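Biologist: Hi! Could you walk me through this structure?
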Amino acid sequence: MNTPINTLPKISIRGLFKRFDGAPTNALDNVDLDIGANEFVTFVGASGCGKSTLLRTIGGLEVQTSGELLVDNRPVTGPGIDRAMVFQHYSLYPWMTVLENIRFCRQLAAHTQDRSSSDVEAASGRADALLRLMGLQASAGAWPNQLSGGMQQRVAIARALMGRPDIVLMDEPFGALDAQTREVMHDLIRYVHRLEKATIVFVTHDVEEALYLGSRVVLMAPRPGRIDTIYEVPFGDQRTQDLKFAPEFVRLKRDILERIRETSGMKTDLEQLQRLSGAVSETA
Amino acid sequence: MSATLPPICSVSCATVRSSAAAKPPPTPSIWAIAGRLSRTQYWAFAALGLILPFAVWALLSASGWIDPVFMPGPGSVFARLGTWLMEDDLIADTGISVYRVLAGFALSAAFALPIGLLIGAFRPVEALLEPLTDFIRYMPAVAFIPLVMLWVGIDEGSKISIIFIGTFFQMVLMVAEDVRRVPAAQVEAAQTMGANRRELIEKVILPSAKPALLDTLRITMGWAWTYLVVAELVAANSGLGYAILRAQRFLQTDTIFAGIIVIGLIGLVTDQLFRWLHRRAFPWLYLKG
């Protein structure tokens, strides 16, 4: 929907297979998908469905067994500065302050080669802007250990954005946060997406999060890991927390949850379904 | 659903609250599993732990149950420490032993740090060297003494070599493990920010592993001291270990006790020095929650 038909996709995946050594089934089994520039795609699915493996393969941290994976029409051969990744936790450098963490990529040759001093100034301006954007000004000199989980993830996101990546890959970045903090982060990341014009590929186990953030929700199924259903999310770009109670939102959420349960091979949780239908009649 | 639940809840909550208000808040026991000690309590127990063995020792020797040849009292041991210091050059014995331990330890660290780093960072190096190191570290260092004497001779080099053999192989494996324990997400985040292999090692793996590496040095320093007596078996005529060995020949148990206590004290001081350095170098690990 966000992708005009005649432009090249940002990420193009064709017949992608991945099998880990000694694994009984394929972690990725014939995955086909196009992701457009500036799109926000979210991935959900039962554990073992390969959503993280797919994300890590796009990031160049895993290599596919066979198939084609193109970013900007070029095959992915490893990690690159055009694809930054945000992890669930333990990725910040505890020996560096918040600001030093955010500026980390400026220490790397890949970001500093053939660049003038005005670029350095632009970079320091960008670090300050990211601090402000993430509400971290007061914590610039703090160590990551001194911050709450939510603040730490803001630093991780700011650090990933620092190098102006075209694509931001997020692997359950809010999975360890409490529900209230997560809501704040949802609006923040949607704002960042509009502002930075990056393509965001976001893996989560939280269906509500996937629906609230994504313009498409890709549901993957396990054993073997494959794409099951792709849901177009019809809520446009302006979203508020109230959306989570809209009947259409709840209906989609229920559909997706039900499909995940079916594909996971686990029994349906009747109590959970009843609670969901109760929520529908209350808001209707 | 929400219409039926609140009354039930409020009744049960009220009951809980009134019964809780009747009792004073319980003081947590210091004997609770993973319980808490105040600073004063901690030092009180620490002092008790240090004083108690001395008290038992003093009582035993004062009671006259044990022949002072086997176990001299604290008095005669400290008297011996005094004469050793004033007449028999305790300072020189300590100095030469500290030198041997430090030299052996430094040599060991100089090789173990880079080799352990390579083992921890690169799988081919791990496959090449780790099984070999595992094999050698089970060989008793003492058994190498005849070889060391043959190859290195009987001067300082041989003593340093024994301490090196005793600590190096353990240290390599611990350094490799420290490097492997660097969180994968820290390394992968740097990779997706464009870090090359050298930058990964210099800017992520090394600084991330540093606190664990300093702890490894602290622990292996203790092992280096335990090999001192063994090292001074080789044609030594000075040093704390040598003094202990010679005292054994003449049944001077007070000298043995004095020597062991001096080594213990040096160990305690070095250990505290390492811990102080750790707090100074890595302040982010010691933040008050």
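Modeller: Happy to. One term to begin with: a residue is buried if 20 or more other C-beta atoms, placed from the backbone, lie within 10 Å of its own. This is a predicted model, where local features need pLDDT of at least 70, side-chain atom pairs count only at pLDDT 80 or more, and totals for chains, interfaces and linings use all residues. Residues are numbered from 1 along each chain as its sequence is written, while chains are lettered from A and ligands numbered from 1 in the order in which they are written.

Biologist: Which residues are buried in α12(B)?
Modeller: They are B:D254, B:T255, B:F257, B:A258, B:G259, B:V262 and B:I263. Helices here are DSSP runs (H or I, at least four residues), and strands are too (E, at least two), numbered from the N terminus.

Biologist: And what do the buried residues of α12(B) pack against?
Modeller: Against α3 (74-86), α4 (90-121), α9 (197-226) and α11 (240-249) of chain B.

Biologist: Switching topic, how many residues of chain A are in contact with chain B?
Modeller: 26 residues of chain A, and they meet 17 residues of chain B. Contact means that C-beta atoms, placed from the backbone, lie within 7 Å.

Biologist: Which elements of chain A give two or more residues to that side?
Modeller: β6 (83-86) and α3 (109-112) of chain A do.

Biologist: Back to chain B: which residues make the contact between α5(B) and α7(B)?
Modeller: From α5(B), B:E130, B:T133, B:I136 and B:R137. From α7(B), B:F169, B:Q170, B:V172, B:L173 and B:A176.

Key
Two residues are in contact if their C-beta atoms, placed from the backbone, lie within 7 Å. A residue is buried if 20 or more other C-beta atoms lie within 10 Å of its own, exposed if 12 or fewer, and partly exposed in between; C-beta atoms are placed from the backbone.
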